[in-house]
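This report describes one protein model, part by part. Please look at the sequence and the structure before reading on.

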Amino acid sequence: MRPTLFVSISLCMMLAVGQLHAATDPHSLQPGAPRTVVVSESATPPEICAGLLQSTLIVLPTEEKVANVFAGDTVNWIFDGGHVASRFISVKPKTANAATDIHIVSDHGNEYTLQLREVSNDPDAHFDSKVFINPGDQAQKDRLAQLPVFVPAAELDKAKQEAVAAKAAQAAELKAEQTKAEQFRAEYPSALHFDYTWNEQKGKELGLQQIWRDDKFTYLRGQFQETPVLYEVKDKKPSLINFDFNGGLYTVPKLLESGYLAIGKQKVEFHRAGGEK
């Protein structure tokens with residue numbers, strides 16, 4: 001009798017293990033092809049099929065990012081939006097036959113409600129591998145073209161840090177410019193050279209008061225009844241030159257050795273000491 005009892009017990013155990021294995025065999029789950037669902041605030045939420053311990057990726061429209069997620073069951077489901085703001089969120093059931101709803105709020109203010117269901121015990125145990133969400137209401141679509149109404153905390157902190165850094169850089173640049181200007185003002189007088197000569201009587205009649213230069217420019221100051229024409233003389237040949245004139249000040253973007261100012265028949269020649277005459 002003992003062999004019969006042993007065989008009976010062995011058969012029962014094998015049958016029980018086989019049934020348990022068939023009921024919980026994760027290999028029966030098959031990922032389905034990515035699909036798109038349309039979510040409308042006035043329609044029944046679409047059902048998303050999820051697989052036990054399998055990840056289903058939910059993808060918002062390209063214009064949006066996930067701002068917040070609300071779920072009915074956070075014990076039997078895992079929701080993961082990653083460590084940076086994006087349009088992706090992963091959902092994963094931890095128990096068989098689990099079901100819950102999920103509300104995804106985007107940074108544009110759209111709210112997408114989905115119904116989640118674990119399908120490992122379904123006759124056709126295909127789960128959604130990836131689900132793209134399309135807004136079904138015109139108001140939702142209009143919000144996509146508008147600026148975001150919610151800014152993720154990480155992006156807000158980053159924006160604040162960038163603003164502080166930009167302000168500090170601007171302050172540093174301003175200080176550097178001020179230092180440069182102060183240094184220029186301190187050194188500029190020593191860079192001025194008043195080494196031009198002219199007939200002062202003729203200059204007074206024309207209105208010429210002073211001529212000087214620095215290392216790059218030549219300046220002529222006067223009070224003129226009308227603006228004289230400025231010529232440069234090289235190799236004893238006069239030529240018109242470019243200059244700026246403002247408030248009685250000629251600014252010539254070069255160093256002049258010789259030249260003259262003329263109004264009609266009036267002319268005042270000038271020469272730099274040691275320059276060409």
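## A pair of strands

In this predicted model, I211 has L220 of β14 as its bridge partner. Strand β14 covers residues 218-222 and runs antiparallel to β13, to which five bridges join it.

## The sheet around the pair

β13 and β14 belong to an open sheet of four strands, in the order β13-β14-β18-β17, with antiparallel pairing. At its edges lie β13 (208-213) and β17 (244-246), each of which pairs on one side only. From one strand to the next, the twist averages 15 degrees. As a general point, strands of a sheet pair through backbone hydrogen bonds, in either a parallel or an antiparallel way.

## Nonpolar cores

The largest nonpolar core is made of 18 residues. V37, I58, I102, I104, L114 and I133 have the most contacts inside this core. At least two of the core residues come from each of β2 (35-39), β3 (47-50), β7 (88-93), β8 (99-106), β9 (111-118) and β11 (130-135). With three residues, β9 gives the most.

What is V37 in contact with, leaving aside its neighbours within four places in sequence? The list is P46, I48, L114, V131, F132, I133 and N134.

A second core is separate and has 16 residues, among them W198, F224, V252 and V268.

## Confidence in the model

The mean pLDDT of the protein is 86, and 87% of the residues reach 70 or more.

Notes
Residues are numbered from 1 along each chain as its sequence is written. This is a predicted model: local features need pLDDT of at least 70, side-chain atom pairs count only at pLDDT 80 or more; totals for chains, interfaces and linings use all residues. Side-chain values use heavy atoms; hydrogens and water are left out. Two strands pair if DSSP finds at least two bridges between them. Axes are lines fitted to C-alpha atoms, for helices over the stretch in contact, and angles run from 0 to 180 degrees between N-to-C directions. pLDDT is the predictor's confidence in each residue, from 0 to 100. A nonpolar core is a set of buried Ala, Val, Leu, Ile, Met, Phe, Trp, Tyr and Cys residues joined through side-chain atoms within 4.5 Å. Buried means under 20% relative accessible area, exposed over 50%, partly exposed in between (1.4 Å probe, protein chains only). Contact means heavy atoms within 4.5 Å.
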